[in-house]
Amino acid sequence: MSFQILLNLFLAFLWMFLSSNYSVSRFIIGYLLGLLAILAMRRFFNSRLYIDRVWAIINLVVLFIKELILANISVLVLVLKPKLEMQPAFFKYNTELTEEWEITLLSSLITLTPGTVVVHVSNDSKSLFIHVIDSNDIDATIDSIRNSFEKAILEVSRT
């Protein structure tokens with residue numbers, strides 16, 4: 001992946017120098033042309049294209065912002081009710097993630113979302129113990145985490 005980024009930057013600088021115009025616009029044009037060249041040569045690379053991983057990271061950030069806003073609204077509605085009708089719960093979440101940074105990222109994303117906290121990660125790093133402030137259906141909460149954050153992290157990390 002780093003080779004692809006360096007190759008794209010090299011092609012962008014090469015385009016800028018060959019056109020004898022040392023402006024940002026020429027660099028951007030060269031970068032885009034270099035990206036097209038890398039796309040044309042993608043079958044010669046062993047790993048997936050770096051632009052795919054960049055797109056997956058952007059999707060993960062957008063997903064987190066969306067979940068953050070929805071969780072804030074949900075906690076606000078819960079707190080502003082005249083009678084607190086919360087159903088807090090602890091549950092065990094078994095994850096498919098294997099790398100330490102993936103598990104750390106998942107734990108951080110869950111904890112940063114209001115209303116949820118990762119309390120403990122098992123010693124084998126296969127399970128997270130999570131506390132939610134209000135959950136009617138634990139299975140739905142587990143499916144939500146698996147189909148949102150974990151799926152997005154897998155798209156970023158897997159080749």
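**Strand pairing and salt bridges in a predicted model**

Q: Which residue in E3 does Val121 stand opposite?
A: The model is a predicted one, and in it strand E2 (residues 116–121) and strand E3 (residues 127–132) run antiparallel, joined by five bridges. Across this pairing, the residue in E3 that stands opposite Val121 is Leu128.

Q: Which residue in the hairpin of E2 and E3 takes a positive phi near 60 degrees?
A: The hairpin of E2 and E3 has five residues between the strands. In this hairpin, the residue that takes a positive phi near 60 degrees is Ser125.

Q: How many residues apart in sequence are the parts that the pair of Arg158 and Glu102 ties together?
A: The side chains of Arg158 and Glu102 meet in a salt bridge, with an N to O distance of 2.7 Å. Because Arg158 lies in the segment after helix H5 (138–157) while Glu102 belongs to helix H4 (residues 100–112), the pair ties together parts whose separation in sequence is 56 residues.

Q: Is Glu102 buried or exposed?
A: The cut-off for a buried residue is a relative accessible area under 20%. Arg158, with a relative accessible area of 30%, is partly exposed. Glu102 has a relative accessible area of 1%, and therefore counts as buried.

Q: What is the N to O distance in the salt bridge where the side chains of Glu67 and Lys66 meet?
A: The structure holds two salt bridges, and one of them involves Lys66, which at 43% relative accessibility counts as partly exposed. The side chain of Lys66 meets that of Glu67 in this salt bridge, where the N to O distance is 3.8 Å.

Technical notes:
Residues are numbered from 1 along each chain as its sequence is written. This is a predicted model: local features need pLDDT of at least 70, side-chain atom pairs count only at pLDDT 80 or more; totals for chains, interfaces and linings use all residues. Side-chain values use heavy atoms; hydrogens and water are left out. A salt bridge is a side-chain nitrogen of Lys or Arg within 4 Å of a carboxyl oxygen of Asp or Glu. Buried means under 20% relative accessible area, exposed over 50%, partly exposed in between (1.4 Å probe, protein chains only). Helices (H or I, at least four residues) and strands (E, at least two) are DSSP runs, numbered from the N terminus. Two strands pair if DSSP finds at least two bridges between them.
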